[in-house]
Amino acid sequence: MEIRAAARFVRISSQKIRIIMGQVRGKKVEEALNLLSFAPQRGARILKKLINSAVANAQETAGMDVDSLYIAKVYADEGPTLKRWRPRALGRATRIRKRTSHLTVVLDEK
């Protein structure tokens, strides 16, 4: 039985968080949380919070054993992009894209 947790409209580029997701994909939950605790990236904190949410979902809704859970799927989709402008020389302006992501974690029992 699969348990999901999702975080939507997270203010981090999906390209940046996918690097961290690749490190925890397929690992046991305890090992993944330990790895994320010491990762220096900003997305590690966000992903750790999402995995903890998925673990809580597994305990409450399905009564699963936390020790047997592993990360079956983890992926980041692009969310809407906030468009901003930065003034440049000679009266010009360039676009700043503040990207967002939709993150999903799926846990399963071994």
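Start by selecting His-102. Leaving aside neighbours within four places in sequence, His-102 is in contact with Ala-7, Arg-8, Phe-9, Tyr-75, Ala-76, Asp-77, Glu-78, Gly-79 and Pro-80. Keep in mind throughout the tour that you are looking at a predicted model.

**Stop 1**

Colour strand β5 and you will find His-102 in it. Is His-102 buried or exposed? With a relative accessible area of 15%, His-102 is buried, because buried here means under 20%. Now show its side chain, which reaches the backbone nitrogen of Phe-9 at 3.2 Å.

**Stop 2: Phe-9**

Move across to Phe-9, which is found in strand β1. Its relative accessibility is 48%, so Phe-9 counts as partly exposed. Check its backbone angles too: the phi of Phe-9 is positive, about 60°, although Phe-9 is not a glycine. That deserves a second look, because most residues other than glycine have a negative phi.

**Stop 3: Leu-90**

Where is Leu-90? Select the loop between β3 (82-87) and β4 (93-98), and you will find Leu-90 there. Like the previous stop, this one has an angle to check: Leu-90 has a positive phi of about 60° and is not a glycine. Leu-90 counts as exposed, with a relative accessibility of 79%.

**Stop 4: helix α1**

Next, show α1 and pick out Ser-14, Ile-17, Ile-20, Met-21 and Val-24, which are buried. If you look down the axis of α1, these buried residues fall within an arc of 125°, so they line one face of the helix. Here is a handy rule for such views: an α-helix has 3.6 residues a turn, so residues three or four places apart point the same way.

What do the buried residues of α1 pack against? Their partners are α2, α3, β2 and β5. Before moving on, click on Gly-26, which follows α1 and has a positive phi near 85°.

**Stop 5: helix α2**

Select α2 and highlight its buried residues Val-29, Ala-32, Leu-33 and Leu-36. Viewed down the axis of α2, they fall within an arc of 95°, so they too line one face of their helix. These buried residues pack against α1, α3, β2 and β5.

**Stop 6: helix α3**

Now select residues 42-62, which form helix α3. How many residues does α3 have? The count is 21, and the helix reaches 31 Å from its first C-alpha to its last, close to the 30 Å expected at 1.5 Å a residue.

Highlight Gly-43, Ala-44, Ile-46, Leu-47, Leu-50, Ile-51, Ala-54, Val-55 and Ala-58, which are buried in α3. At the end of the helix, click on Gly-63, which follows α3 and has a positive phi near 65°.

**Stop 7: rings**

For the last stop, show the side chains of Lys-110 and Tyr-70. The charged end of Lys-110 sits over the ring of Tyr-70, 5.1 Å from the ring's centre. How many aromatic pairs does a search of the whole structure find? The search finds 0.

Definitions and conventions
Residues numbered from 1 in each chain as written. Predicted model: local features only at pLDDT ≥ 70, side-chain atom pairs only at ≥ 80, totals over all residues. Heavy atoms only, no water. Helix = DSSP H or I, 4+ residues; strand = E, 2+ residues; numbered from the N terminus. Expected span 1.5 Å × (residues − 1). Buried < 20%, exposed > 50% of the residue type's maximum accessible area, 1.4 Å probe, protein only. Polar contact = N/O pair within 3.5 Å; in protein donor to acceptor, adjacent residues only side chain to side chain. Contact = heavy atoms within 4.5 Å. Arc of directions from axis to C-beta. Phe/Tyr/Trp six-rings, centres within 6.5 Å; stacked < 30°, edge-to-face > 60°. Lys NZ or Arg CZ within 6 Å of the ring centre and 35° of its normal.
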